Amino acid sequence: CEFDFKSTYGVHGKDFIEVHHLKPLHTLVDASLIDPAIDMTVLCSNCHRMIHRKQDAPLTIEQLKELWNKNSR
């Protein structure tokens, strides 16, 4: 969504971002290594929260983008 924490919160928001696991951790049966390059992405807090709004049915990044594009006019 291109939200910029620094422009909104000043120095306090500089370099802040949240990480999102593309494969939910609770679905991992065995211990496994997580490769941040393919298993994670970064999102602003609002987008991250919207993905996890329904715990039993989290949105994919693509679904979130569709909602954003549909409603951000």
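Leaving aside neighbours within four places in sequence, H20 is in contact (heavy atoms within 4.5 Å) with D39, M40, T41, L43, H48, I51, H52 and I61. The model is predicted: local features need pLDDT of at least 70, side-chain atom pairs count only at pLDDT 80 or more, and totals for chains, interfaces and linings use all residues. Residues are numbered from 1 along each chain as its sequence is written, and side-chain values use heavy atoms, with hydrogens and water left out.

H20 lies in strand β1, residues 18-21. Its side chain and that of H48 are joined by a polar contact of 3.4 Å; such a contact is a pair of N or O atoms within 3.5 Å, where within protein one must be able to donate a hydrogen and the other to accept it, and residues adjacent in sequence count only if both atoms are side-chain atoms. H20 counts as buried because its relative accessible area is 5%, the class being under 20%, with exposed over 50% and partly exposed in between (1.4 Å probe, protein chains only).

| Residue | Relative accessibility | Class |
|---|---|---|
| H20 | 5% | buried |
| W68 | 46% | partly exposed |
| D15 | 70% | exposed |
| E2 | 78% | exposed |

W68 belongs to helix α4, residues 61-71. Its C-alpha atom is separated by 19 Å from that of I17, 51 residues apart along the chain.

Most residues other than glycine have a negative phi. E2 is in the segment before α1 (5-9), whereas D15 is in the loop between α1 and β1.

Overall, the chain contains four helices and two strands, in the order α-β-α-β-α-α along the sequence. These elements are DSSP runs numbered from the N terminus: helices are H or I of at least four residues, strands E of at least two. The C-alpha trace spans about 40 × 30 × 20 Å along its principal axes. The radius of gyration of the chain is 14 Å, while a compact globule of 73 residues would have one near 11 Å; the radius is taken over C-alpha atoms, and the globule rule is 2.2 Å times the number of residues to the power 0.38. Buried residues account for 14% of the 73 residues. Of the contacts between residues at least 6 apart in sequence, 35% join residues at least 24 apart.
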